[in-house]
Amino acid sequence: MMTEPNVNPEQPGAPDADRLGPRPLARPAVDPGQAAVFGRPQGVDGAFDKLYAPSKANGVKLTPPAPESLAEAFSRPPGAEGVLLERPREAVGEAPQSEPPLWTGSGDPWRDPGAGAVLAGPAMPAEDEEKPARRPPGALLSLPEVLFGRRVKPKALVMLGVVALLIGAVGGLVGWWAADTGTELTGSATISEAEAAKERPAGSVSEIAKRVSPAVVSLEVFKPGAESGEQGSGVMIDPQGYILTNDHVISSAAADPSVKITAIFIDGTRTDAKLVGTDPKTDLAVVKVNVTNPTVLQIGKSSDLQVGDTVMAIGSPLALQNSVTAGIVSALNRPITAGGDNGAAPVTYEAIQTDAAINHGNSGGALVDSTGALVGINSSIRSSSADGGSIGIGFAIPSDYAIKIAKALIKDGKVQHADIGINASSTVAGSSTMGAQVKNVAPGGPAANAGIKEGDVITKIGNRLVRDSAELTVAVRAHDVGEVVPVSLARDGASFVVDVTLASD
């Protein structure tokens with residue numbers, strides 16, 4: 001705390017007697033912790049800004065001039081050089097000066113900081129100002145005066161009439177609409193329609209059907225002048241126009257040259273088909289059409305199929321062209337004996353069993369796998385009703401065997417099958433040995449030359465088991481003409497094997 005110095009008024013430079021002296025400086029003690037944080041570092045006595053080097057005047061360091069903006073904001077106003085700034089008396093413990101306040105409680109609210117802030121109305125005119133005289137209301141016009149009194153412009157009357165007509169017309173339309181749609185049974189339906197397209201990825205049933213259907217044709221077999229004929233399906237297997245189908249589809253054309261065969265494509269094109277060759281023993285046939293750039297079905301391997309694989313049957317069931325059904329492989333290597341109607345010999349072949357719906361007219365059509373490749377030719381069904389409808393048990397000739405027969409028919413017009421030279425029947429239930437029992441042996445045939453006798457039971461052909469006569473037939477035809485195969489026999493309780501050189505049928 002500094003004391004006020006004694007100043008002699010008569011000494012030069014002494015302050016005026018009417019001017020207040022400077023207030024003593026109050027410098028409270030500095031907290032050591034704050035001094036350590038905010039104080040100057042050790043060894044630094046001057047300013048922190050080392051870039052500033054204050055000028056010296058007669059050995060005295062001078063402070064830099066204040067920035068112009070700060071000087072303008074905080075300096076004394078012009079013409080007030082003699083005014084001194086001082087601390088409030090209360091800060092140094094002295095009594096405040098007794099000066100009249102700038103405002104009182106009942107003084108001017110604009111100068112009283114304690115006055116409440118309120119929203120007032122608009123400024124009122126002075127009492128001596130003249131108020132404008134109120135205009136008296138005019139006389140009301142009657143309808144005759146408006147229409148005939150020439151007190152309203154004709155254009156205004158015309159516009160008024162047009163507006164009235166428009167309002168009436170709109171009201172009439174709204175009433176008509178409300179009457180027309182306001183009944184209980186009729187009205188405006190709000191139907192939500194799907195806009196997103198169906199997803200048909202590669203390998204889906206729809207994608208395969210679209211790609212494969214053009215290669216499957218419908219076959220009509222009829223005699224000119226006849227009211228009806230036969231109908232079936234066929235598969236385009238060669239770009240030259242060769243179509244593979246079932247023998248029972250075109251059997252009437254094979255027996256009667258006057259019977260006409262017509263192939264119908266997916267786009268409705270009809271063309272004549274010529275018979276190339278038939279194989280009644282395997283129920284296969286080939287016809288040919290004269291077309292340009294036909295769609296040909298890709299041939300797959302039926303030997304790669306497994307039970308449970310997805311398959312599709314494509315054909316013309318009950319004359320419904322280009323029908324598609326889907327299912328799975330129910331069984332493989334199923335010996336089937338079918339046909340035998342109207343005096344024809346029964347047909348025995350090894351089939352693919354499927355639950356894809358197959359009906360009359362599907363015969364000769366395609367059985368394709370999940371890639372769209374041909375794996376079988378639809379041939380027959382098992383039915384429990386008189387009309388022969390599908391019950392989910394259908395059979396197709398494997399493509400490996402069907403293409404082999406088709407190539408032979410295209411090359412030579414006929415097919416030779418391997419034959420063992422015997423007639424056999426399935427063993428009866430309760431027999432000690434399951435197999436095909438020999439009924440008679442063709443003299444000089446392959447079986448007779450190998451020593452097979454009547455009554456022998458054939459249990460195996462090569463590596464394939466034989467459990468009935470149908471399986472014996474398909475096991476023999478699986479080999480080539482002239483091939484030597486081991487045949488396992490059971491005779492009088494003894495089992496032995498003989499080698500048989502297969503001949504042609």
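User: Let's start with G413. Where is its place?
Analyst: G413 sits in the loop between α7 and β15 (418-419). Keep in mind as we go that this is a predicted model.

User: Is G413 buried, partly exposed or exposed?
Analyst: G413 counts as partly exposed, because its relative accessibility is 29% and that class lies between the 20% and 50% cut-offs.

User: And what does G413 touch, leaving out residues up to four places away in sequence?
Analyst: With those left out, G413 touches V276, G277, T278 and A408. The G277 pairing spans 136 residues along the chain, with 4.5 Å between the C-alpha atoms of G413 and G277.

User: Nice. Switching to S380, which strand is it found in?
Analyst: S380 belongs to strand β13, residues 374-381.

User: Why does S380 count as buried?
Analyst: S380 has a relative accessible area of 14%, and buried means under 20%, so S380 falls in that class.

User: Which side chain does S380 join in a polar contact?
Analyst: That would be Y349: the two side chains make a polar contact of 2.7 Å.

User: OK, new topic: the second largest pocket. How much space lies in it?
Analyst: About 380 Å³. Its lining has 18 residues, and N333, E350, P398, D400 and Y401 are the ones nearest the centre.

User: Which element supplies the largest share of that lining?
Analyst: β11 does, with five residues. Elements giving at least two residues each include β10 (323-339), β11 (346-354), α7 (399-412) and α9 (469-477).

User: How do the lining residues divide into nonpolar, polar and charged?
Analyst: The lining of the second largest pocket has nine nonpolar residues, five polar and four charged.

User: Last one, β3. Is that strand mostly covered or mostly open?
Analyst: Mostly covered: β3 runs over residues 216-222, and five of its seven residues are buried.

User: What does β3 pair with in the antiparallel sense over six bridges?
Analyst: Strand β4, residues 230-236. Within that pairing, V217 stands opposite G234.

User: And how many bridges join β3 to β6?
Analyst: Five, and β3 and β6 (residues 260-264) run antiparallel as well. There, E220 has T262 as its bridge partner.

Conventions: Residues are numbered from 1 along each chain as its sequence is written. This is a predicted model: local features need pLDDT of at least 70, side-chain atom pairs count only at pLDDT 80 or more; totals for chains, interfaces and linings use all residues. Side-chain values use heavy atoms; hydrogens and water are left out. Buried means under 20% relative accessible area, exposed over 50%, partly exposed in between (1.4 Å probe, protein chains only). Helices (H or I, at least four residues) and strands (E, at least two) are DSSP runs, numbered from the N terminus. Two strands pair if DSSP finds at least two bridges between them. A polar contact is a pair of N or O atoms within 3.5 Å; within protein, one must be able to donate a hydrogen and the other to accept it, and residues adjacent in sequence count only if both atoms are side-chain atoms. On a 1 Å grid over the protein atoms alone, a cavity is a set of points where a 1.4 Å probe fits but cannot get out, and a pocket is an open set with protein on both sides within 12 Å along at least five of seven lines; lining residues have an atom within 4 Å of a point. Grid points are joined across faces, edges and corners, and a volume is the space filled by probe spheres set on the points. Ala, Val, Leu, Ile, Met, Phe, Trp, Tyr, Cys and Pro count as nonpolar, Asp, Glu, Lys and Arg as charged, and the others, Gly among them, as polar. Contact means heavy atoms within 4.5 Å.
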